[in-house]
Structure formats: C-alpha cells, structure tokens
Amino acid sequence: MSPLRVSEWRKLPLSLTELCIDTTLRCGQSFRWQKINDEWNCVLHGRLLSLKQDESFLHYKVTWPKTKTSPRKLAPLPKEIGAIDTQQGDDTEALLRHYFSLKHDLAALYDQWSGSDANFKKKAPKFTGIRILTQDAWETLISFICSSNNHISRISGMVNKLCLHYGPLIGHIGDEPFHDFPSPQALTGKKVEAHLRELGFGYRAKYIAETAMIVSTQKPEGWLESLTNPENPGWAAVATPVQGEPITYKQAHEELLFLSGVGPKVADCVCLMGLGWSEAVPVDTHVWQIAQRDYHFGKTKTKTFSKLMYHSVGDHFRQIWGPQAGWAQSVLFTANLKSFSEQAAANPKSVDITVDVKQEIKNESSPNPRKRRAAAIVTQIKVEHDEPSDMQKSTRKKRKTRS
C-alpha cells in the first residue's frame with residue numbers, strides 16, 4: 001500500500017523532564033511501539049507515527065494510508081493546543097498532546113509527590129519524564145488481557161500478531177508492515193479463538209474472543225468508552241449510552257471485572273491507561289513488594305493477598321500521592337526494575353533491555369477465623385490461571401514486568 005502522503009519532520013518544544021519517550025514507551029504501558037534506526041514507530045488512530053527526541057524537542061513524522069481505515073470522526077481539538085496544522089485533517093499534533101497527556105505539568109507533579117513522599121523524592125530524579133499514556137480503551141483492554149502471566153517481548157509479539165492478522169494495514173517502514181489495532185468486530189469470528197491458539201496465545205485466546213463478543217454484541221455501542229473519566233475524554237468521537245449520573249472510577253473498575261480474563265489488576269491497568277482514571281493504582285506482587293519494603297505496609301511478608309488487601313494498597317498510595325496516584329506509582333515501579341537502573345549508567349545502545357511483566361495477584365484464603373471476612377471477599381476475584389503447556393516455555397526463564 002502506497003501512502004497518500006508523508007509529512008516532513010515537525011517538532012514540539014518538550015524537555016526530557018516533561019517526557020522521556022525512551023522510558024515511557026518501554027515501561028510496560030504500550031506494546032506496539034517499535035524502535036527502528038533510533039526512531040520509535042507505531043500506528044495510532046489510522047496513521048503511522050515516527051518519533052525521535054533530543055533534549056529540547058519531540059520530533060514527529062506522520063504517514064497517512066492510501067485510503068481511510070476508520071469511520072471515526074476527528075476529535076475536537078482542545079483549546080490549550082493553540083494553532084496547529086489541521087489542513088487536510090492533519091490533527092497529529094493534537095493527537096500527540098492527547099496521547100502523551102501533555103496537559104499535565106509533570107515537573108509540578110513530581111514536586112508534589114516528592115513533597116509528600118520521601119521515598120519518591122529519593123528515587124524519582126533518575127527517572128524523570130515518565131508519563132501515563134492516554135491510549136485507546138479497547139486496545140488497552142486486549143493488550144493487558146494478553147499480559148496475564150507473561151513477559152514484555154511475548155506480549156508485544158501477541159499484540160503484533162493481532163494487528164498483523166486482524167488489523168488494517170497502514171504503511172511500511174522499509175520492509176516492516178505496520179497495522180492498526182483490530183476492532184472488537186474483527187475478533188468475533190467463529191475461528192478466532194482457534195486461530196489465536198495456533199498463533200501461541202494459549203488460554204488468552206478464549207479470553208480475547210469472549211471479550212470481543214461481549215463488547216461487540218452484548219453491550220450497547222460505546223459501552224466501553226462510557227466508562228471513561230469525563231475529565232479525561234478519549235480521542236475518537238464515539239457515541240456512548242446516556243447515563244443518569246457521571247461514571248466514577250470505582251464503577252468503571254467494577255464494570256470491567258465482568259469481562260472475560262479481567263481481574264482487579266488488569267481492570268486497574270485499563271482504568272489508568274485506557275480510560276483516564278489517574279487515581280487507579282494497578283497492584284501486583286511487585287507493587288505489593290514495594291508497599292511492604294518501602295512503605296511498611298502489612299504485618300506479614302506474603303506474595304498473595306485478598307481483594308480487601310488489594311484495595312487497601314491502592315487506597316494507601318492514593319492517600320500519599322493524591323488524585324494522580326497511578327502516575328506516581330508508575331515512576332516507582334519503573335525505578336524498581338533492575339534493567340532500567342542498570343541502563344541509566346550504561347550506553348543505551350549496548351544494553352539488551354528485558355522489562356518485567358506484572359502478574360495478576362493470586363488469591364489466598366486463610367483458615368484463621370479472624371480473617372473469615374477477607375477470605376469471603378477473595379472468592380469474588382477473577383484470576384487468570386495459566387495452562388501448564390502454555391507456561392512451561394514462558395515463565396521460568398523470564399523475569400516479570402508491568403502487564
């Protein structure tokens with residue numbers, strides 16, 4: 001497919017303290033960005049974006065496909081963006097500002113978190129520029145279903161396979177094809193689950209097919225987007241069901257738990273990175289370790305805990321960091337990864353990055369009568385159990401990271 005047009009390189013004034021794409025794009029939030037010749041490349045909302053960065057600017061180039069791939073209308077441009085090039089429908093600068101959540105003053109947020117948390121103040125200076133991405137809700141949902149008991153390279157491989165086999169082709173960089181993410185309808189065919197299993201998705205194939213069916217046929221149009229934080233609307237203009245009262249973070253989280261393959265942590269990942277709920281704090285065993293080690297949370301050292309304990313950790317961090325606790329947690333999570341710490345003192349081009357994928361928290365019931373209430377709550381949690389044949393090759397030799 002030959003492109004309709006390829007733009008010249010443009011630039012946004014942006015310091016590395018406000019955004020560092022080399023960290024943000026590989027800390028386990030998005031799984032479709034590919035780095036080719038020192039440029040980050042990904043298809044977003046029907047266009048192929050190429051990014052590179054220096055100390056003062058984010059440079060970007062856009063490749064448009066020969067034909068339109070989505071009926072969605074362009075989103076209205078936020079007032080704070082100012083004058084940008086919208087000729088021939090080119091709203092790429094607006095998209096970048098939205099995707100990287102540039103309306104937030106990151107330096108001010110780091111100062112705020114440092115003022116309320118000595119541990120954050122100690123660790124954050126080496127990990128500036130980490131932002132929470134504002135991603136498409138559907139893509140975020142399916143990507144994090146793929147992340148269950150998985151590692152970053154395999155998640156990226158799965159997401160790439162979904163795009164390659166079910167998403168529209170947008171363009172090429174050299175011989176490398178770039179596809180957009182498939183729609184829910186594209187993943188509802190009768191043979192989708194079997195095909196995904198052939199492609200190596202394991203038990204996740206069933207979750208993806210079932211969730212696609214629920215979203216596309218059982219829920220009203222725009223249901224998933226209706227769970228978005230009204231203060232952080234999504235990019236595409238999608239009609240959503242009429243609601244009496246504005247949706248809340250807790251309500252959005254609970255709604256997601258009805259989907260196949262979605263447990264508390266996956267739901268929080270979708271809330272934070274796909275639905276604009278900045279207070280969402282995805283809690284897995286790694287975050288639980290941070291809570292115990294650095295914040296003296298809990299009286300016992302354990303890797304498993306109940307739903308009650310899960311929400312207690314999130315509430316604890318929200319009390320410390322405030323309404324954008326999910327952003328602060330992401331900084332400390334990244335700082336906790338040895339691969340990032342080692343790379344900070346080495347030549348990035350010579351380091352083989354292995355990012356660890358977060359695991360869903362497993363439940364633990366206690367025979368102790370004093371813990372009957374917590375144990376009763378545990379039974380309500382959805383847990384993604386891996387199949388032995390699927391896990392034997394993927395978990396023993398890989399370290400874990402954000403999923």
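The sulfur of Cys163 lies 7.9 Å from the closest cysteine sulfur, that of Cys42, which is too far for a bond, a disulfide being defined here as a pair of cysteine sulfur atoms within 2.5 Å. By this criterion the count of disulfides comes to zero, and Cys42, whose nearest cysteine sulfur is that of Cys163 at 7.9 Å, takes part in none. Cys163 is buried, with a relative accessible area of 3%, and Cys42 likewise counts as buried at 1% relative accessibility; buried denotes under 20% relative accessible area, exposed over 50%, and partly exposed the range in between, with a 1.4 Å probe and protein chains only.

The model is a predicted one, in which local features need pLDDT of at least 70 and side-chain atom pairs count only at pLDDT 80 or more, whereas totals for chains, interfaces and linings use all residues. Residues are numbered from 1 along each chain as its sequence is written, and side-chain values use heavy atoms, with hydrogens and water left out.

The secondary structure of the protein chain comprises 16 helices and eight strands, where helices (H or I, at least four residues) and strands (E, at least two) are DSSP runs numbered from the N terminus. Of the 403 residues in the protein chain, 54% are buried. The accessible surface of the chain comes to about 19100 Å², with 52% of it belonging to carbon and sulfur atoms, as computed by the Shrake-Rupley method with a 1.4 Å probe, only the protein chains shown counting as cover for residues. Among contacts (heavy atoms within 4.5 Å) with a separation of 6 or more, 72% are accounted for by residues 24 or more positions apart.

Aromatic pairs were assigned to rings of Phe, Tyr and Trp (its six-membered ring) with centres within 6.5 Å, planes under 30 degrees apart counting as stacked, over 60 as edge-to-face and the rest as tilted. By this rule the count comes to twelve aromatic pairs. The rings of Trp33 and Tyr99 have centres 6.1 Å apart and planes at 50°, so this pair is tilted. Because Trp33 lies in the loop between helix 1 (21-24) and strand 3 (34-36), and Tyr99 in helix 2 (residues 92-99), the pair ties together parts that are 66 residues apart in sequence. Trp33 is buried, with a relative accessible area of 9%, and Tyr99 counts as buried at 4% relative accessibility. An edge-to-face pair is formed by Trp288 and Phe297, at 5.8 Å centre to centre and with 80° between the planes; both of these residues are buried. Ring pairs also link Trp33, Tyr99 and Phe100 into a cluster.

At the start of helix 11, a side-chain oxygen of Asp284 comes to within 2.9 Å of the backbone nitrogen of Val287, while just after the helix His296 adopts a positive phi of about 50°.

Helix 9 (residues 249-256) contains His253, and Glu255 also lies in helix 9. His253 counts as buried at 2% relative accessibility, whereas Glu255, at 28%, counts as partly exposed. With neighbours within four places in sequence left aside, His253 is in contact with Pro264, Ala267, Asp268, Cys271 and His311, and Glu255 is in contact with Lys219, Trp223 and Leu227. The side chain of His253 reaches the backbone oxygen of Pro264 at 3.1 Å. His253 and Ala267, 14 residues apart in sequence, are separated by 5.7 Å from C-alpha to C-alpha; for Glu255 and Ala267, twelve residues apart in sequence, the C-alpha to C-alpha separation is 8.8 Å.

Two of the residues contacted by Glu255, Lys219 and Trp223, also form a charge-over-ring arrangement, in which Lys219 lies over the face of Trp223 at 4.7 Å from the ring centre. Such an arrangement is assigned if NZ of Lys or CZ of Arg is within 6 Å of the ring centre and within 35 degrees of the ring normal. Lys11 lies over the face of Phe57, at 4.2 Å from the ring centre.

Notes:
Polar contact = N/O pair within 3.5 Å; in protein donor to acceptor, adjacent residues only side chain to side chain.
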